[in-house]
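Please look over the model below before reading on.

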Amino acid sequence: MMAVNRMFRTCPSTGLVYHEPAEKLIRWNAVAGVVSLLVGGILALLVTLTRWPAVHLLPPDWFYLVLTAHGLNMLVFWIIFFEIAVLYFAASVLLKCRLATPKMAWAGFWLMIVGALVNNVAVFRGDSSVMFTSYAPMGAHPAFYLGLILFAVGALVACFVFFGTLVVAKSEGTYNGSVPLVTFGAVTAAIIAVFTIASGAIILIPTFLWSIGLVDHIDSLMYRTVWWAFGHSSQQINVAAHVSVWYAIAAVVFGAKPLSEKVSRTAFFLYICFLQLASAHHLLADPGLTSNWKIFNTSYAMYLAVLASMVHGLTVPGAIEVAQREKGYNRGLFEWLRKAPWSNPSFSAMFMSLIGFGFLGGISGVMMGTEQLNLIIHNTIYVPGHFHATVVIGTTLAFMGLTYFLIPTLFRRELMFPGMAKWQPYFFGIGMMGFSLFMMGAGTLGVPRRHWDMGFAGNPLAHEFPGTAYLMMGIMAISGILAVVGGGMYLLITVGSVFLGKKIETPGFKHVKANDGRAPAPGPQPVVAAGGAHAGIGTAGFIAPGTFVLALVFLTAFVLYYFINWKYLSTVWPLS
Amino acid sequence: MSALSPPPDRLWWKQPLDRVEGTWIAIAFIWCMVMFFMMPFWHVFGKQNLANEAYRTTPEMFQAKTQAMVDKYKIREETDLKIPVVAPPPGSDVYLIARLWQWWPMIELEEGKTYRLHLASMDWLHGFSLQPENINIQVHPGYEHIMTVTPNRVGTYSIICNEYCGINHHTMASRLYVVKAK
């Protein structure tokens, strides 16, 4: 009997079972993530104020430095630290299982911390302003690559601790049947993460060797091709992770059950199979690759990963709708949505994340990921407009929503400033929606990304952008400031609650014995007749008609926007 | 909290699909196929496709070819830097160098005529961004990318760089003239 390593506690309000070493790791990873978010957020404000033409805050060298650091701290450090916390949560807590090899997990954590610090130091020294993408042959200080490699190794260790925990849970019988859907989503994220980190190693290790003079040439096309297998795939980890978080929040807030386990899990499986092909999105305007290669890869084979996202986009709100209808909010198409808890920040954050990710991030991403349409978008500020919708509204906002759930159960603190917390997702979500939308607008007018001065001061051949482009950049910046305020509220609430919040004492707290960490023997299975489970709700044989109507609205927007862009493409210079 | 706990029905993969999901999957799948086939369709029937023609090159080779074109077709110089403006005849090969932080030379084309445009970088990555047309193409060092272009409107266009290329990236801009066919 392995009685040693078992220190569990049960959360009195949620019934979740925490393994203490896992709990500590989840907390520290989440805190490291939030610290990165703080750094990245300050940098975000500086970037925004510089790209606001009327303010134009920083000088160019600082702008490019700050933009590099912003990208790394947000896209890599904040998100991956938080994702490791989600992985440990999904394995250890949801499966009621001890975390495999906590010491290895700590080693991974500290590797990630050291890597993040080394990379940040390299950037702030000033000789590594190469952007998040660090395209060779533009070179950074060796420490820049080294930091990223250390961070990636640490993250890889964490992924294997996660997989190890799944094995432990299975062999020690801590659950019956299949893993929960959220854990399944986390498995998806972790598998994609392994692929991502391997790609990162394949490109960053030679580039590091090149930076110290041991390799004499890095081909720019090879670099972009392999780097994006890392760079884009790391955003796919986010997709799998934040979709899992949507399901989790729907379950926590509404007690929502997945409409069907089969559909949701198959959709995650499609992510595993096809999502990584999308690194081709970045290579559509490059020489040296054939159109066949571009079409197959940019469409994730045949848009099978898009299909998966469209499925999740239906099943998550669909599950909420069914749960609400069963509670009695069964009138009309949208009573379930009107009566949703809009002042619960977990829900409002999750729902805006879903809408923003789908309508703004999803549609724009598929459009610009179309081989020919990419020509009128590539490297304009439309691109960051798109990925702020996917990564910031999609991932960050979903993680914010999850945080409000985690503070009482994981950190055992009461939420500070609950009144502010109600408003925080709206400030952040609406700010980011405006930010993304106007960035995309400016991009369609040709404004380039990663560019200090859209006025080209000092160049006699300066291009003059239309006044609308300047206006859009201004509104973008104002929306960005709103989002920064929302981000600041989040940091104030979380940091305040975690360090100063009122402690939640567990009455009669005691550690659980080893045997209690095992799942009870499965009882007799209830017989569920087809269609009988949801009798009496919905209309026309549809259990979630409101969600279906919303999905059709989404599809209409998608189709119109897609063909409007083809129409526009048909007017530009013929090119072959 | 069902998504957070194992499915209650152990044989969850045998549960029948709900109608709302089945219908949506069918619609979404059809839309995915439409989007997929739009790309090959446009290769056959559309006029805006990026060429697949590219060769390995070196800065010296590309510089030499560009210089030969400039020597042959220069019509004037512009700005204090005396950047040559070239007007190669329709149908000919037009070379454009991208380098830190300049496009070289400047090009004058005729409306409605077709040219073979060659793009290459001398140093780092650059981004060919034709404004206000908003055609954007990645320019690599070591690769000569060749495409046929047919300017369809008279005017003065800008070529800006939209791939970050270091501290003076934001000063990298040039012109392209499209004039009436002679």
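Which residues in helix α8 (residues 291-298) of chain A are buried? They are A:Lys294, A:Ile295, A:Asn297 and A:Thr298. A residue is buried if 20 or more other C-beta atoms, placed from the backbone, lie within 10 Å of its own. The model is a predicted one, in which local features need pLDDT of at least 70, side-chain atom pairs count only at pLDDT 80 or more, and totals for chains, interfaces and linings use all residues. Residues are numbered from 1 along each chain as its sequence is written, while chains are lettered from A and ligands numbered from 1 in the order in which they are written. Helices (H or I, at least four residues) and strands (E, at least two) are DSSP runs, numbered from the N terminus.

The cover over the buried residues of α8(A) includes α1 (19-45) of chain B. Just after α8(A), A:Tyr300 has a positive phi of about 50°.

In total, 78 residues of chain B are in contact with 90 residues of chain A, two residues being in contact if their C-beta atoms, placed from the backbone, lie within 7 Å. On the side of chain B that touches chain A, α1(B) gives the most, with 18 residues. That side of chain B divides into 41 nonpolar, 28 polar and nine charged residues. Here Ala, Val, Leu, Ile, Met, Phe, Trp, Tyr, Cys and Pro count as nonpolar, Asp, Glu, Lys and Arg as charged, and the others, Gly among them, as polar.

Within chain A, helix α9 (residues 300-326) and helix α15 (residues 545-569) pack at an angle of about 155°, with their axes 9 Å apart. Axes are lines fitted to C-alpha atoms, for helices over the stretch in contact, and angles run from 0 to 180 degrees between N-to-C directions. α9(A) and α15(A) are therefore roughly antiparallel, a term for angles over 145 degrees. The contact involves A:Gly313, A:Leu314, A:Pro317, A:Gly318 and A:Glu321 of α9(A), together with A:Gly546, A:Thr547, A:Leu550, A:Ala551 and A:Phe554 of α15(A). By class, this contact has five nonpolar, four polar and one charged residues.

In the other pair, the axes of helix α2 (residues 60-93) of chain A and helix α5 (residues 181-211) of chain A come within 9 Å and cross at roughly 135°. A:Glu83, A:Val86, A:Leu87, A:Ala90 and A:Ala91 in α2(A) meet A:Val182, A:Thr183, A:Ala186, A:Ala189 and A:Ala190 in α5(A). Eight nonpolar, one polar and one charged residues make up this contact.

Conventions. Buried ≥ 20, exposed ≤ 12 C-beta atoms within 10 Å, placed from the backbone. Parallel < 35°, antiparallel > 145°, perpendicular 65-115°, else oblique.
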